[in-house]
Amino acid sequence: MKTEEIKKLIQKVGPLRLGAVVICGILLILISYGVSFEKAGGESGDKESAAVETDVMVQQNRYREQMKQELIELLRRVEGVGSVEVMLTLKATNEKVTLKDNSDRGNGTEEQTVLIEDSERNSSPYVIQEKEPELEGVVIVCDGGADAGVKREITEAVGALFQIESHKIKIMKSKEAKE
């Protein structure tokens, strides 16, 4: 376009409208950069949440393995059980209970989580209790798995230790067991 045509276009549209169009264009460009920055931040947030999720899984596996080993050691001491293998399944991950601050606001109460700050001014919820994961089920394979008395003793012991119902405990005889 020639300069004369541009001048005619400016006069026809008006300088205020043309300025508004230019400003809108600039804002659209800035917003699109802002969205790409948010996406980049979101990806790092995804990495952080994946790291936290992995940490939770490691803790959960460590807890399961600890409970499994303690149960194996206990069952090995019981008469008639013999050699034993244990598999545990967990219902949920460990849970952190945070301190809540309740305040009355007119016609209702408002509950807020109490936060604490570290030396770097990062805030996190104040944890007052940490609950271990609940066991969903237990499978035990042992030499004495065919004996009804041994099964009953194991079922009662596991139920008492882990507060799970007897139908979630399965005891089987090992194929290596002597007849």
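Which element gives the most to the nonpolar patch? Helix 2 does, with 7 residues. The structure is a predicted model, in which local features need pLDDT of at least 70, side-chain atom pairs count only at pLDDT 80 or more, and totals for chains, interfaces and linings use all residues. Residues are numbered from 1 along each chain as its sequence is written, and side-chain values use heavy atoms, with hydrogens and water left out.

The patch lies on the surface and consists of Ile6, Leu9, Ile10, Val13, Leu18, Val22, Ile23, Ile26, Leu27, Leu30 and Ile31, which together have about 930 Å² of accessible area. Helix 1 (3-13) and helix 2 are the elements that give two or more residues to it. Helices (H or I, at least four residues) and strands (E, at least two) are DSSP runs, numbered from the N terminus. Patch residues have over 30% relative accessible area and no salt bridge, and nonpolar side chains (Val, Leu, Ile, Met, Phe, Trp, Tyr) are joined within 5 Å. A salt bridge is a side-chain nitrogen of Lys or Arg within 4 Å of a carboxyl oxygen of Asp or Glu. Areas follow the Shrake-Rupley method with a 1.4 Å probe. Leucine 18, in helix 2, is partly exposed because its relative accessible area is 34%; buried means under 20%, exposed over 50%, and partly exposed in between.

The largest nonpolar core has 21 residues, of which Leu71, Val86, Val138, Ile140, Ile154 and Val158 touch the most other members. Such a core is a set of buried Ala, Val, Leu, Ile, Met, Phe, Trp, Tyr and Cys residues joined through side-chain atoms within 4.5 Å.

Leucine 71 touches Val86, Leu88, Val138, Ile140, Val158, Leu161 and Phe162, not counting residues up to four places away in sequence; contact means heavy atoms within 4.5 Å. Valine 86, in strand 1, counts as buried because its relative accessibility is 6%. With the same exclusion of residues up to four places away in sequence, valine 86 touches Lys68, Leu71, Ile72, Leu75, Val138, Val139 and Ile140.

Glutamine 163 lies in the loop between helix 3 and strand 9. Its relative accessibility is 64%, so glutamine 163 counts as exposed. Phi of this residue is near 50 degrees, a positive value in a residue other than glycine. Most residues other than glycine have a negative phi.

Terms used. Buried means under 20% relative accessible area, exposed over 50%, partly exposed in between (1.4 Å probe, protein chains only). Patches are made of residues with over 30% relative accessible area and no salt bridge: like charges are joined within 9 Å, nonpolar side chains (Val, Leu, Ile, Met, Phe, Trp, Tyr) within 5 Å.
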